[in-house]
Amino acid sequence: MPRPALAILALSALAVVLAGCGGAKNYTRAASRKCFAHEKDAKLQPVPPSDFIARNALGGAISVTTKHNEVTITFGRDANVAAGIATAYRRVHGANIGIEDVLRPQRNAVLLWRAHPSDRDLSLVNSCLK
């Protein structure tokens, strides 16, 4: 095999290997719930009965309260499903709710905050998304 072709083949193989490593992993309800259960500044709550989007998500959902806020985290299979979940929330939100301020898609999860989250609450919740 000519040297340039061998180099291209080697680089292609390396690219495939690197693409499989370090990619964004999906969050899971079980691992995230376990982390929140051990977090002293957060308390797990039942998902609100009125949140039919979260209650029907195939990946499940959890609701967490912090000292000054509450967030419902809905899990999808992947980022595309999470984008669909976020779209559903945008379609059904109340007219007086600034949805873009409280809706945060992240990888395969969608975070819906009761109020604008503080940096501390964001950090706390992000540290337990597993």
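The following questions and answers go through a predicted model of one protein chain.

User: What makes up the protein chain, counted in helices and strands?
Analyst: The protein chain has six helices and five strands. From the N terminus on, they follow one another as α-α-β-α-β-β-α-α-β-β-α. Of its 130 residues, 34% are buried.

User: Why is Ser32 called buried?
Analyst: Buried means under 20% relative accessible area. Ser32 has 0% relative accessibility, so Ser32 counts as buried. Ser32 is found in helix α2.

User: What is Ser32 in contact with, leaving aside its neighbours within four places in sequence?
Analyst: Ser32 is in contact with Ile62, Phe75, Cys128, Leu129 and Lys130. Contact here means heavy atoms within 4.5 Å. With Cys128 there is also a polar approach: a polar atom of the Ser32 side chain lies 3.5 Å from the backbone oxygen of Cys128.

User: How do you know that a disulfide joins Cys35 to Cys128?
Analyst: The cut-off for a disulfide is a pair of cysteine sulfur atoms within 2.5 Å. The distance from S to S in Cys35 and Cys128 is 2.1 Å, so the pair is a disulfide. By this rule the count comes to one disulfide. The link of Cys35 and Cys128 is left-handed, with -65° about the S-S bond.

User: What does the pair of Cys35 and Cys128 tie together?
Analyst: Cys35 lies in helix α2 and Cys128 lies in helix α6, so the link ties together parts that are 93 residues apart in sequence.

User: How do you know that the buried residues of α6 are on the same side?
Analyst: The buried residues of helix α6 (residues 119-128) are Asp121, Leu122, Leu124, Val125 and Cys128. They cover an arc of only 165° around the axis, which puts them on the same side of α6. The face of α6 turned away from that buried side carries the exposed residues Asp119 and Arg120.

User: What covers the buried residues of α6?
Analyst: The cover includes α2 (29-37), β3 (70-75), β4 (103-106) and β5 (109-113).

User: What makes β1 and β4 edge strands?
Analyst: The five strands form an open sheet in the order β1-β2-β3-β5-β4, with antiparallel pairing. β1 (43-45) and β4 each pair on one side only, and are the edge strands. Neighbouring strands of this sheet are turned by 25° against each other on average, direction ignored.

User: How do you know that β3 and β5 pair?
Analyst: Two strands pair if DSSP finds at least two bridges between them. Five bridges join β3 to β5, so the strands pair, and they run antiparallel. Among the residues involved, Val71 has Trp113 in β5 as its bridge partner.

User: Which helices lie against strands of the sheet, and at what angles?
Analyst: Helix α2 packs on the sheet and touches β1, β2 (61-65) and β3. The direction of α2 makes about 20° with that of β2. Helix α4 (residues 79-92) lies across β3, β4 and β5 and runs at about 25° to β5.

User: How many of the contacts with a separation of 6 or more are between residues 24 or more positions apart?
Analyst: In the protein chain, such residues account for 52% of those contacts.

Definitions and conventions:
Residues are numbered from 1 along each chain as its sequence is written. This is a predicted model: local features need pLDDT of at least 70, side-chain atom pairs count only at pLDDT 80 or more; totals for chains, interfaces and linings use all residues. Side-chain values use heavy atoms; hydrogens and water are left out. Buried means under 20% relative accessible area, exposed over 50%, partly exposed in between (1.4 Å probe, protein chains only). Helices (H or I, at least four residues) and strands (E, at least two) are DSSP runs, numbered from the N terminus. The arc is that of the directions from the helix axis to the C-beta atoms. Axes are lines fitted to C-alpha atoms, for helices over the stretch in contact, and angles run from 0 to 180 degrees between N-to-C directions. A polar contact is a pair of N or O atoms within 3.5 Å; within protein, one must be able to donate a hydrogen and the other to accept it, and residues adjacent in sequence count only if both atoms are side-chain atoms.
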